[in-house]
Amino acid sequence: MVTLNRIYTRTGDDGTTALGSGERRPKYDLRIAAIGTVDETNAAIGLVRLHLAGDVRLDAMLGLIQNDLFDLGADLTVPEREGKAERLRVLPVQVERLERDIDTLNEALAPLTSFVLPGGTAAAAHLHQARTICRRAERQVVELAARENEPVGEAVVRYLNRLSDFLFVASRAANGNGAGDVLWVPGQNR
């Protein structure tokens, strides 16, 4: 359990921040950037939830995802190292739940005939924004994982990849199951 008695500590005034292991890193460090972008994804999902207008099912799915994103941030905050005690990790079962939720939402959607432009309802537009932020987090995590001595759990990458898919399908669900999707018309403005 986390206890926060004091919000400011002044320890970051030198331009560094601490990982869960106590190791300090510059605030521009790629791991810190990835953690921040995961947090940004979570905040964007919080905005979506304000615009769901009674869609209890989608709201519940997004609530689970917000909690998962804190797990994912915790996973990134304490990199796996040999000989270290096991910490909170994203598990394959969390990825599998996302896949089931994607399939559930996708059942009601008509097949796409064009790419979808971000828009439609406020919830759908915010879901598209959350999706693009999630894709940035995924790119940062994949880059981090490619670096030597920067371990990243396999389920972390899979979760972010699946989450962006979920957010896309959820945007269509929030647009009247695709009826309100704004479709791209190639060359329309030529």
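In this predicted model, Arg49 is partly exposed, with 31% of its relative accessible area showing. The residue belongs to helix α1, which covers residues 30-49. Looking past its neighbours within four places in sequence, Arg49 is in contact with Asp59, Leu62, Gly63 and Gln66. With one of these partners there is also a polar contact: the side chains of Arg49 and Gln66 come to 2.7 Å. Thr37 is another matter: 12 residues separate Arg49 and Thr37 in sequence, and their C-alpha atoms are 19 Å apart in space.

Moving on from α1, the loop between α1 and α2 holds Ala53. Ala53 sits out in the open, so to speak: its relative accessibility is 80%, and because exposed means over 50%, the residue counts as exposed. Its backbone is worth a look too. Most residues other than glycine have a negative phi. Ala53, though not a glycine, has a positive phi of about 50 degrees.

Next comes Arg89, which is found in the loop between α2 (56-77) and α3 (92-106). Is this arginine buried or exposed? Its relative accessible area is 9%, and since the cut-off for buried is under 20%, Arg89 is buried. Setting aside residues within four places in sequence, the contacts of Arg89 are Asp75, Val78, Pro79, Glu80 and Gln94.

Some of these names come back in the cavity. The structure has 1 cavity of 30 Å³ or more, and the largest cavity has a volume of about 40 Å³. Its lining is made up of Arg31, Asp75, Leu76, Pro79, Glu80, Pro151, Val152 and Gly153. Sorted by class, that lining has 4 nonpolar, 1 polar and 3 charged residues. Asp75, Pro79 and Glu80 are among the lining residues, and Arg89 is in contact with Asp75, Pro79 and Glu80 as well.

Helix α5 takes up residues 154-174. How far apart are its end C-alpha atoms? They are 30 Å apart, and at 1.5 Å a residue the 21 residues of α5 should span 30 Å, so the two values agree. Most of the helix is covered, with 15 of its 21 residues buried. Arg172 is part of α5, and at 6% relative accessibility, Arg172 counts as buried because the cut-off is under 20%. Not counting residues up to four places away in sequence, Arg172 touches Leu109, Ala110, Leu112, Val116, Asn177, Gly178 and Asp181.

Past the end of the helix, the backbone takes on positive phi values at two named residues. Just after α5, Gly176 has a positive phi of about 65 degrees. Asn177 has a positive phi of about 55 degrees, although it is not a glycine. Asn177 lies in the loop between α5 and β4 (182-183), and is one of the residues touched by Arg172. With a relative accessible area of 34%, Asn177 is partly exposed.

Conventions:
Residues numbered from 1 in each chain as written. Predicted model: local features only at pLDDT ≥ 70, side-chain atom pairs only at ≥ 80, totals over all residues. Heavy atoms only, no water. 1 Å grid on protein atoms, 1.4 Å probe; cavity = no way out; pocket = protein on both sides within 12 Å on 5 of 7 lines; lining within 4 Å. Points joined across faces, edges and corners; volume = space filled by probe spheres on them. Nonpolar A, V, L, I, M, F, W, Y, C, P; charged D, E, K, R; others polar. Helix = DSSP H or I, 4+ residues; strand = E, 2+ residues; numbered from the N terminus. Buried < 20%, exposed > 50% of the residue type's maximum accessible area, 1.4 Å probe, protein only. Contact = heavy atoms within 4.5 Å. Expected span 1.5 Å × (residues − 1). Polar contact = N/O pair within 3.5 Å; in protein donor to acceptor, adjacent residues only side chain to side chain.
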